[in-house]
Amino acid sequence: MARALIELRNVFRQYDIRGESDAIVLENINLTVFEDEFLAILGPSGSGKSTLLRIIAGLVPATIGKVYYLGKSITGVNPGVAMVFQSFALFPWLTVRENVMLGLEGKRLKPAEREEKTLKAIDMVGLDGYENAYPKELSGGMRQRVGLGRALVNDPDVLLMDEPFSALDVLTAENLRRDMLELWLEKKITTKSIIMVTHGIEEAVYMADRALVLSSGPARIIEDIKIELPRWRDKNSPEFSDMVDRLYSIMIKKQTQEAKAETTADTSEWSPVPVVSAGALTGFLELLEDNNEKADLYRLAERFVMEIDDFLPIVEAASLLNLARIVEGDIELTPEGARFARATVLERKELFREQLVKYVPFVNKIVKILDAKSNKQMDIDFFKEMLSHHFSPKETDRQMSIIINWGRYAELFDYDDDSERLFIERDED
Amino acid sequence: MLTGFNNIRRGFEWMDLLVAVFVFALLYAIVHLGEGMNVSFEPSQPPAIDLDPGALPYYAGRSLLRMFIAFAASLLFTFSYGYVAAKSRTAGKFMIPLLDVLQSIPVLGFLSVLITGCMAVFPGSLLGLELASILAIFTGQAWNMTFSFYHSLITVPHDLQEASAVLRLNWWQRLVRLEMPYSMIGLTWNSMMAFGGGWFFLAASEAISVLGDNFRLPGVGSYMATAIADGNMAAIVYSIVTMVLLVVLVDQFFWRPLVVWTQKFKMEMVDSTEQPTSWAHDILQQSKLVAFLNDILVERLAGGFYRSVNRLVEAMAVTSRRGKKVAGILLTAARWGLVVGMVYHAGQYAYAGWQQLSTVDAGQVLAVFRLGALTFGRVTIAIFLAVLWTLPVGVWIGLNPRLARFLQPVVQIAASFPANMLFPFVTVFYLRHSVNFEWGAIPLMMLGTQWYILFNVIAGAIAIPNDLREASRIFNLSLIKRWQKMVLPGIFPYLITGIITASGGAWNASIVSELVSWEGKDLVARGLGSYINAVTTAGDWPSIILGIAVMCVFVVAVNRLVWRPLYALAEEKYRLG
């Protein structure tokens, strides 16, 4: 049995909002990461996968629960980890060499030793010749190599990667993935384990030995599967596609089930609304209607050239408003959805309005409240206050703005940015 | 990373000789000028100022030294105050509002207090006066710089903070590697502005009468003051030329190279097309001697300093848990001691001040408030008139890129030039044509402050995105519509920033611009500024305190009630991009 490097026990994380800590980001996370393991953490955007990674790094404390490194509970930054950032997080005023050397700054080393280790790391990530270049002189892929070099120079036990390839273009990302894997598989680095947060299912299946899938809302681990395909993996092999399909449907199913279950439950009012503009939703429904029949979700996303992070919320929104439904990994239009896709602009607004009031209780509530007022308007803070009991401050703003977007499209209510009030246009007749 | 200039290996060139001579001259000049600071003197016999133009270079040097000492002090203050305010949440809660109030206090009103205080510290030496002047310049510079540094510290990008945490950098490493470099561009810019504003305080603080005594420190400002007392127009012109030269030289030899150097601290990952240039920086960069000095001073000395402090910080971090506990207790005790001490002293001074104030009767308080209202009226009119002309001119300049490139540095220098040095010309004009000085004081106020508005309006007009300009052209908007829809909203935040700076400057200027003299003849405008000026000369302490207190009340009230809300509105609604 491989040695356990990192262990999380009963980890919770919540935001403190005026003493009432309602907005839970992570719920009851139990996780053990072993030596020689490449772990991918998957989940929809805003699901708290980055927060989870930061808890492992010790950058963010767990509200409840403990993190262990080699059996010892950690407080503060985890001594065994290094981290690669989505944004690279390089210091623009330092050269490649100086940026990499920063990884050794916390250690007491002789200058010669420092220099030697730095140059070795630079060689390893394929940046020799660029030692004296500044980050702004490099392409995105090269910048991330600097980030990687800086993380590896310190010989960390565990390498944490926060969506390391998502700021790169497709080809560069592919190239870097291969190089990264080569370092890992051929043991060119002393790193004993890698934990990578990603929203790319294919990326996870290509690189990792094990995948965690997090749910949205308060994130829980809903799936923890081993990916035991032989290395170097062939993306065109049926086994590979099967694995991708399997993970895809796990994510979709969980999401839509949650959405469905919650529309009928009492707490439904406060399940988050997918962050999708009315325009994007309309476009999606039109494309579905062009498609004319039900379609496999994974293929559909591929055809639209959409990342799962952008794609899932649209699917979710469509099924929340009962304009489309998901049956065993396939998506099809409901009768309302079909009508919507064929309707004129004005009819669409009408239909959208009906669905919105019917299926999104919070919108219904807003309309009722505004209607009850004699001047037909209400301060936005009143509604935000209601949301803030259930969401983090950032999420509250996001939810509010998307609900305003939908309300405006449906012509249910409008919002005046100057007075910061929601209002219903009074009928003149 | 501390290296400023690329180490280009080349032969020794004639340029190096020039630089060597320059460096040597600089060192000697500092020593020579410094010698003069600690000369003994009797208040009854102030050192005479020589109106011979040949003496001007020496006086200019003394003024310059004062400016740079004050600037160094401001930097030191900025780093320590800004750092503590940003890092300690509890301290910040008190320190930032305090800084905000300090910033709006009219420094010139305190000059008399400063001078008597400093002279008590160094009796029988010119050093006290010197210190008072430096402190006056310091108070004109430090607050803005501190705000800039504080603001940078709290806006360090989140990912870089996280990276430093995962890289386990200690607080010192973070400060030197991340926080200082990140704040460098903003701090340089603000320092440049603060330094420019400092000339005004220099000119005003070198020559002043307190308690019936005339104090003259050797410098350009007192040269000017002596020339005014003598009615020597030629000497006035000499001093103005010297002043312009000083401002331009400091700009070319100090600020420009610095601005070019700080470009490497830009957060942007792409090079912008317009890069600032500086010929002085180019020379320095090519000089082998500078590379050598850089190696010794920056790499060895500063690097060594960085490493030793680092070792100290590390050693403190690894001390035993018990040691940490003791240190923690000591630190808390020291902190509380400091707080209690400060509260005690502040309380004591407040009480003493209050006692002084209580000797003043209510009628006088009311009268002083009335004077304050008069000055307030002048400040408002001055700002209004300044906006009236700077708005169209600034927009016109800003929307013409070629014009802007040429005129922007000129305006910047004009803003740096101490307006009080132009007062004699206006005074002579007023005396000849017997202008009503109650109104005549307003243009004097404008002389110094309008540039800040112009400067900001130009910056705002430049910042209007090109696509907006093109759109307004395509839609064929009328002139009025264009101003209404594009220009005014676009420059609004900049305009407000400029007006806030200008109004602060105008209050300060009121102390020197409501009372001017020429050959012993005084022109006085009724107002708070002339009141403070008069009671300072008379040494009437309760009235001095009253005058300053009332001015502070006015400035802070106007800031809170008018400018702050407007600024918030500008930030929220009209910030482009």
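Analyst: Two strands count as paired if DSSP finds at least two bridges between them. This is a predicted model, and the answers below should be read as such.

User: In which sense do strand β1 (residues 4-14) of chain A and β2(A) pair?

Analyst: The two strands are joined over seven bridges, where the criterion asks for at least two. One of the residue pairs involved is A:Gln14, whose bridge partner in β2(A) is A:Ile24. The sense of pairing between β1(A) and β2(A) is antiparallel.

User: Which strands of chain A stand at the edges of the open sheet of four strands, each with a single partner strand?

Analyst: The order in this open sheet is β2-β1-β4-β5 of chain A, with antiparallel pairing. Each edge strand has a single partner, so one side of each is left without a neighbour in the sheet. The strands in this position are β2 (24-34) and β5 (72-73) of chain A.

User: Which residue in β7(A) stands opposite A:Ala82?

Analyst: β6(A) pairs with strand β7 (residues 158-162) of chain A in the parallel sense, over four bridges. Within β6(A), A:Ala82 and A:Val84 point one way while A:Val81 and A:Met83 point the other way, and all are buried. The residue of β7(A) that stands opposite A:Ala82 is A:Leu159.

User: Which strand gives the largest share of the side of chain A that touches chain B?

Analyst: The contact takes 20 residues from chain A and 21 residues from chain B. On the side of chain A that touches chain B, the residues divide into 14 nonpolar, three polar and three charged. The largest share of that side, three residues, comes from strand β6 (residues 81-84) of chain A.

User: How many residues of domain 3 of chain A are in contact with domain 2 of chain A?

Analyst: The domain assignment of chain A places domain 2 at 273-343 and domain 3 at 360-429, and their C-alpha centres lie 26 Å apart. The side of domain 2 of chain A that touches domain 3 of chain A divides into three nonpolar residues, one polar and no charged. Four residues of domain 2 of chain A take part, and the number from domain 3 of chain A is eight.

How values were computed
Residues numbered from 1 in each chain as written. Chains lettered and ligands numbered in written order. Predicted model: local features only at pLDDT ≥ 70, side-chain atom pairs only at ≥ 80, totals over all residues. Domains from an automatic or database assignment. Contact = placed C-beta atoms within 7 Å. Nonpolar A, V, L, I, M, F, W, Y, C, P; charged D, E, K, R; others polar. Buried ≥ 20, exposed ≤ 12 C-beta atoms within 10 Å, placed from the backbone.
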